[in-house]
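This report describes the architecture of one protein chain, from its overall dimensions to selected local features. The sequence and the structure are shown below.

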Amino acid sequence: MACSPTFIFLYRPRSSGISFWPHPRSVLRQDASNLRLLTSLEEKKSLLMGIGVDEVCILDFTKEFSRLSTAEFVDQYLKEKCGVDTLIVGYDHKFGHNPEETQSEMIEICRHHGLEVIRLDEFVYGGEVISSTKIRNLLDRGDIATANEYLGYRYGLKGVVVSGKHLGRTIGFPTANLRLYDPLKMIPQNGVYAVFVSVEGNNYIGICNIGLRPTVGESTERTIETYILDFDEDIYGLDMKIEFVGRIRDERKFDCLAGLKEQLGKDTDFARNLLTESLRLGVTLR
């Protein structure tokens, strides 16, 4: 089944959103090694419910499922399983196993099987056509501000706090190392960022370093380390979410730990001012 994008939206007396999981590319192996998700399954559900969708239905995407034709998917899933009468699709959305089938042909099949179909135009903001690919490219460049503007919310990462090498504590900047719950989640470009932090429902501000930690012995594995300002508690094993507000600088190698410590002090001051101003303007955690 060709699926672009993953989501389709359905309306009945109650509104419903449908998502395929796992992501079709990870099942069909179509460039799967390069797959990076903007939202985890949990985040997708939360975002949909947040805009007023009454319920979210997750369909298990398998290779067998991918072989369904448009007509079979409409009859077996949209009508019989979900009771759909009106279908809303994006400007480039397609489903059904036939890659040569156009969207117009897909829509005609849906209508022939009794569905009303509403096709949305592409979303244009500031003269730009907004797409997930464009947002991924912005994150890959570290342009958090524009990515957040296009998303309509702050981009975030969620995971569990795990033990690190504790080197940050020796220079007065203890960090919480984040292991992502979804390993396919898109990670922004390496660098230092001002972030809002949420731990067990409590909100803080901090700075986050993404990268290879070149000053303390460069690693081949990227790490996500967050220094939470005005905070000194043991949070190993707890859930943590960080939401990116602004990029402070590139990650770089310092000649000594004293130089790194001095720079982290400057980073902290910059982040505190930026995040405090965000809070003053009424920007809260979501």
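Is Asp-230 buried or exposed? With a relative accessible area of 65%, Asp-230 is exposed, since the cut-off for that class is over 50%. Asp-230 is located in the loop that connects strand 12 and strand 13. The model in which this residue is seen is a predicted one.

**Overall features**

The chain contains 9 helices and 13 strands. Along the principal axes, its C-alpha atoms fill a box of roughly 70 × 40 × 35 Å. Of the 286 residues in the chain, 45% are buried. The accessible surface comes to about 15,000 Å², and carbon and sulfur atoms account for 49% of it. Among contacts between residues at least 6 apart in sequence, 66% join residues at least 24 apart. There are 35 positive and 41 negative side chains, and the centres of these two sets lie 3 Å apart.

In soluble globular proteins, nonpolar side chains tend to be buried together. In this chain, the largest nonpolar core has 30 residues, and those with the most contacts inside it are Met-240, Ile-242 and Phe-244. Two or more residues each are given to this core by helix 6, helix 7 and strands 8, 9, 10, 11, 12 and 13. The contacts of Phe-244, leaving out residues up to four places away in sequence, include Ile-144, Asn-148, Tyr-155, Leu-157, Tyr-193, Val-195, Cys-208 and Ile-210. Another core, of 21 residues, lies apart from the largest one; among its members are Phe-61, Phe-65, Phe-95 and Leu-115.

An α-helix has 3.6 residues a turn, so residues three or four places apart point the same way. In helix 6 (residues 132–141), the buried residues are Ile-135, Leu-138 and Leu-139. These residues lie on the same side of helix 6 because they cover an arc of only 95° around the axis. Their packing partner is helix 7 (144–151). After helix 6 comes Gly-142, with a positive phi near 80°.

Helix 4 (residues 70–79) has Thr-70, Phe-73, Val-74 and Leu-78 as buried residues. Seen down the axis, the buried residues of helix 4 fall within an arc of 100° and therefore line one face of the helix.

**The loop between helix 1 and helix 2**

Thr-39 is found in the loop between helix 1 (24–28) and helix 2 (41–50). Its relative accessibility is 13%, so Thr-39 counts as buried. Beyond its neighbours within four places in sequence, Thr-39 is in contact with Lys-44, Leu-47, Tyr-153 and Lys-185. Ser-33 also lies in the loop between helix 1 and helix 2, but Ser-33 counts as exposed at 59% relative accessibility. Ser-33 and Leu-120 are 87 residues apart in sequence, with their C-alpha atoms 30 Å apart in space.

**Backbone geometry**

Most residues other than glycine have a negative phi, and most peptide bonds are trans.

| Residue | Phi |
|---|---|
| Glu-200 | about 55° |
| Asp-230 | near 55° |

Glu-200 is in the loop between strand 10 and strand 11. A cis peptide bond, with omega of about 0°, joins Trp-21 and Pro-22. Pro-22 has its place in the loop between strand 2 (15–21) and helix 1.

Technical notes:
Residues are numbered from 1 along each chain as its sequence is written. Side-chain values use heavy atoms; hydrogens and water are left out. Buried means under 20% relative accessible area, exposed over 50%, partly exposed in between (1.4 Å probe, protein chains only). Helices (H or I, at least four residues) and strands (E, at least two) are DSSP runs, numbered from the N terminus. The arc is that of the directions from the helix axis to the C-beta atoms. Contact means heavy atoms within 4.5 Å. A nonpolar core is a set of buried Ala, Val, Leu, Ile, Met, Phe, Trp, Tyr and Cys residues joined through side-chain atoms within 4.5 Å. Accessible areas come from the Shrake-Rupley method with a 1.4 Å probe; for residues, only the protein chains shown count as cover. Lys and Arg count as positive and Asp and Glu as negative; His and the chain ends are not counted. The place of a charge is taken as NZ of Lys, CZ of Arg, CG of Asp or CD of Glu.
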